[in-house]
Amino acid sequence: MAETDRDDLISIIEEDDKDIDIPKTLPLLPVRDIVIFTDMLLPLFVGRERSVSAVEEAADKDKLLFLVTQKDPAVENPQPDEVYRVGTVSRILRILKLPDGRLKALVQGLTKARIVRYVKKKTWYRVKIEEISEEESKDVNLETEALMRNVREQCEKILSLRGEMTGEVGAILENIDEPGKLADIVASNLRMKTEDAQILLEITNPEIRLNKVNEYLSKEVELSAMQAKIQSEVRDEISKSQRDYFLREQVRAIHKELGETDERTQEIDEYKKKIKKARMSKDAEKEALKQLKRLGQMHPDSSESSIIRTYLDWLTEMPWSKSTRDFLDIKNAKKVLDTDHYGLEKVKNRILEYLSVRKLNPKMKGPILCFVGPPGVGKTSLGQAIASAMKRKFVRISLGGIRDEAEIRGHRRTYIGALPGRIIQGLKQCGSNNPVFMMDEIDKIGSDFRGDPSSALLEALDPEQNSAFSDHYLNLSFNLSRVMFILTANLTDTIPSALLDRMEIINLPGYTEDEKKIIAERHLIPRQLKENGLKGKNRFTISSGAVNKIITEYTSEAGVRNLERELGNICRKIARRIAEGGKGPFSITKNNLHKYLGISKYIPEMDQESSQPGFSTGLAWTQAGGEALYVEISLLPGKGEHIITGQLGDVMQESARAAVSYTRANLARLGAKKNFFDNTDIHIHVPAGAIPKDGPSAGIAIATALISAVTGKPVDKDVAMTGEISLRGRVLPIGGLKEKTLGALRAGIKTIIIPEKNKKDLAEIPLKIRRKISFVTVRSMDEVLPVAIIDKKRSRPGKKRKKKRADKR
């Protein structure tokens with residue numbers, strides 16, 4: 001016993017061999033998280049006021065207590081119904097008073113008893129008890145002996161697995177001959193739940209109690225074996241790691257003595273050379289050296305070290321100071337652009353202007369251009385041509401369908417498998433900090449719970465901010481101001497306004513038939529001949545008439561993608577004939593073209609074979625370019641209802657209602673009765689009903705078709721029109737005139753009626769097109785009708801009006 005003041009020592013009870021008389025009432029001491037069995041020695045720390053009073057009361061008299069277990073150990077002052085009824089009468093062997101007022105008592109279980117009733121409940125509990133007699137055991141039979149031996153062996157096995165087995169413990173177990181006593185001794189040392197231990201305590205039959213203990217022992221053996229296995233594996237792993245560490249340190253010391261460098265030191269030195277060679281910014285170099293220092297202090301096989309290596313690889317391989325020298329020969333650059341692409345003068349002039357300014361001011365920031373046009377007009381290939389003309393590296397990424405902001409800004413390094421964003425990845429792959437960087441399909445970018453990629457692009461595409469672009473993975477500023485960003489889109493409607501404001505929009509409306517023919521002869525046919533192996537003696541000839549027929553009757557597009565596809569179809573068929581032993585020469589003309597491509601797919605001139613009332617031609621602007629839009633109107637007997645079909649959008653339906661209102665307001669001028677629509681239903685239909693249509697520019701086409709149906713006068717089939725109509729009959733301006741003009745040209749239209757305020761847009765239409773189509777500018781419907789509607793009383797007055805108003809430039 002430790003040395004203490006004599007006042008602190010209340011009593012020390014010496015054991016004796018005399019029988020102890022158990023009184024009928026005893027002080028009650030509730031205990032937590034443990035069940036006391038007979039003959040069990042247990043130190044207790046007593047701190048609750050009621051419990052301290054009960055222990056002091058017992059110490060002053062016969063040193064006997066009744067110990068029971070609480071049902072809920074969290075209860076501070078348990079009530080009678082919150083403790084078990086069966087417990088153990090225990091004797092206090094020692095009591096030590098602690099400085100904080102608590103008591104430390106050593107108790108020994110004597111016998112089991114049951115609470116009969118509570119005698120005292122105020123300051124501490126005193127209960128009346130009755131002893132529980134153990135059922136008398138018969139002579140130990142063979143089965144009981146085997147059970148006791150099994151319990152002893154399992155106890156020894158558990159203690160061996162825990163490393164606690166000694167000869168004294170084995171001797172004690174062997175000297176116990178009574179099943180009940182053996183069960184209590186083993187149970188008191190098992191790690192059981194309080195509920196399970198209480199069940200064991202309440203079992204009075206020794207054999208049943210020992211059998212129950214045996215079941216718990218079997219489970220404990222399995223748990224102890226598994227625990228020992230886990231500890232052994234961990235110990236072996238730690239030993240291996242320590243052994244490897246010491247061996248590496250010894251190898252390092254040996255290499256140092258020999259004047260050589262080991263692999264780890266060599267790796268650190270190589271990274272230092274790479275960091276110096278990369279010529280990073282000051283902040284980047286500081287961070288790289290910091291991470292390199294951490295790497296040198298880590299175990300080489302740890303997971304963190306592999307993450308740092310990957311990070312250092314990205315930092316050292318980024319083109320911090322690597323750039324290509326711009327080719328600033330303006331004339332030669334123009335020659336390269338003209339060689340790769342025909343037409344597109346506006347785009348070429350913009351690139352040459354940039355090169356000119358770059359030649360005068362080498363420090364100027366890179367432009368951010370956005371090519372907007374239908375598919376197949378050469379937006380992506382134009383970016384490659386620009387890179388070739390400037391002799392810069394070319395990088396292309398597609399933004400279509402991207403919804404995760406991390407695709408642009410990268411992932412945080414805390415995530416497993418983290419990588420930089422697509423911009424930083426592209427710069428690393430090309431190895432230059434001033435490439436031509438093309439981002440395709442900017443209009444098809446999305447957003448969801450993972451972030452908004454279009455907002456993340458704002459920093460990269462802003463010339464005032466991208467000099468310090470921060471990627472989440474690098475977590476360092478990278479200068480993007482020297483990068484020439486080129487973006488592509490089919491429409492600008494879906495591009496966020498903040499992003500659209502940062503870009504210079506260049507429209508690529510599409511090609512005319514003549515331009516397509518030249519592109520096919522200069523670029524598409526030679527490329528298809530090469531791809532299909534039709535060189536030298538395997539070449540074939542294709543006439544200009546056949547090319548024209550492919551353009552007009554087998555394709556209907558603003559670009560040349562389908563045109564190249566049809567040319568490739570011809571080449572493959574000829575390649576097959578040659579492979580099967582056919583001999584040339586092979587000549588493709590417009591007369592035998594159907595043998596290779598089948599029947600014609602498009603005959604636009606036959607869409608409207610003759611001029612007829614209630615049928616007009618409008619012009620639409622879609623993602624695929626401009627195209628003709630036909631409006632049909634039928635007047636039916638009825639109650640004056642309006643029927644609109646053809647899957648028209650809200651704006652187009654409003655234009656139809658405005659056209660109807662204008663017509664009803666001007667019935668008298670048109671020579672119809674004022675109550676004409678009272679008994680007449682109007683059915684407005686736009687064919688191709690499966691395709692959604694919207695926009696206000698079909699207003700005058702709907703009004704013209706309706707007036708034609710009311711008056712019975714046909715609309716000239718060679719006239720198309722575009723313009724928004726007001727209730728007063730004014731013709732308001734529209735957009736996409738060049739695209740619509742190309743669509744009208746493909747449809748065989750001869751005359752186009754346009755709003756007066758769109759006259760300025762005619763300058764953007766090539767002279768070749770203006771020579772093929774007459775443009776009539778109008779301010780109101782009064783000027784539209786004489787041009788569009790054929791008056792039977794005179795011979796086509798619209799033609800004279802066309803000549804008067806046609807743009808002759």
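Guide: Let's start with Thr-680, which is found in strand E20 (residues 680-685). Helices (H or I, at least four residues) and strands (E, at least two) are DSSP runs, numbered from the N terminus. This is a predicted model, where local features need pLDDT of at least 70, side-chain atom pairs count only at pLDDT 80 or more, and totals for chains, interfaces and linings use all residues. Residues are numbered from 1 along each chain as its sequence is written, and side-chain values use heavy atoms, with hydrogens and water left out.

Visitor: Why does Thr-680 count as buried?

Guide: Because its relative accessibility is 12%; buried means under 20% relative accessible area, exposed over 50%, and partly exposed in between (1.4 Å probe, protein chains only).

Visitor: And which residues is Thr-680 in contact with, leaving aside neighbours within four places in sequence?

Guide: Leu-635, Leu-636, Gly-638, Gly-640 and Glu-641. Contact means heavy atoms within 4.5 Å.

Visitor: Switching to E4. How many of its residues are buried?

Guide: Six of the six in strand E4 (residues 64-69). On one side Leu-64, Phe-66 and Val-68 are buried, and on the other Leu-65, Leu-67 and Thr-69 are too. In a regular strand the side chains alternate between the two faces of the sheet.

Visitor: Which strands pair with E4, and in which sense, parallel or antiparallel?

Guide: Strand E2 (residues 25-31) pairs with E4 in the parallel sense over four bridges, and Val-31 stands opposite Thr-69. Strand E5 (residues 86-97) pairs with E4 in the antiparallel sense, also over four bridges; there Leu-67 stands opposite Thr-88. Two strands pair if DSSP finds at least two bridges between them.

Visitor: OK, helix H11. What does its span look like?

Guide: H11 (residues 345-360) has 16 residues and reaches 23 Å from its first C-alpha to its last, close to the 22 Å expected. That expected span is 1.5 Å times one less than the number of residues.

Visitor: What covers the buried residues of H11?

Guide: The cover includes helices H10 (330-340) and H12 (379-390), plus strands E8 (368-372), E13 (484-489) and E14 (504-507). Among the buried residues of H11 are Ile-351, Tyr-354 and Arg-358.

Visitor: Last one: how many residues are in the largest nonpolar core?

Guide: It has 51, with Ile-423 and Leu-457 making the most contacts inside. Helix H9 (residues 303-317) gives the most to this core, five residues. A nonpolar core is a set of buried Ala, Val, Leu, Ile, Met, Phe, Trp, Tyr and Cys residues joined through side-chain atoms within 4.5 Å. A second, separate core of 50 residues includes Ala-385 and Val-560.
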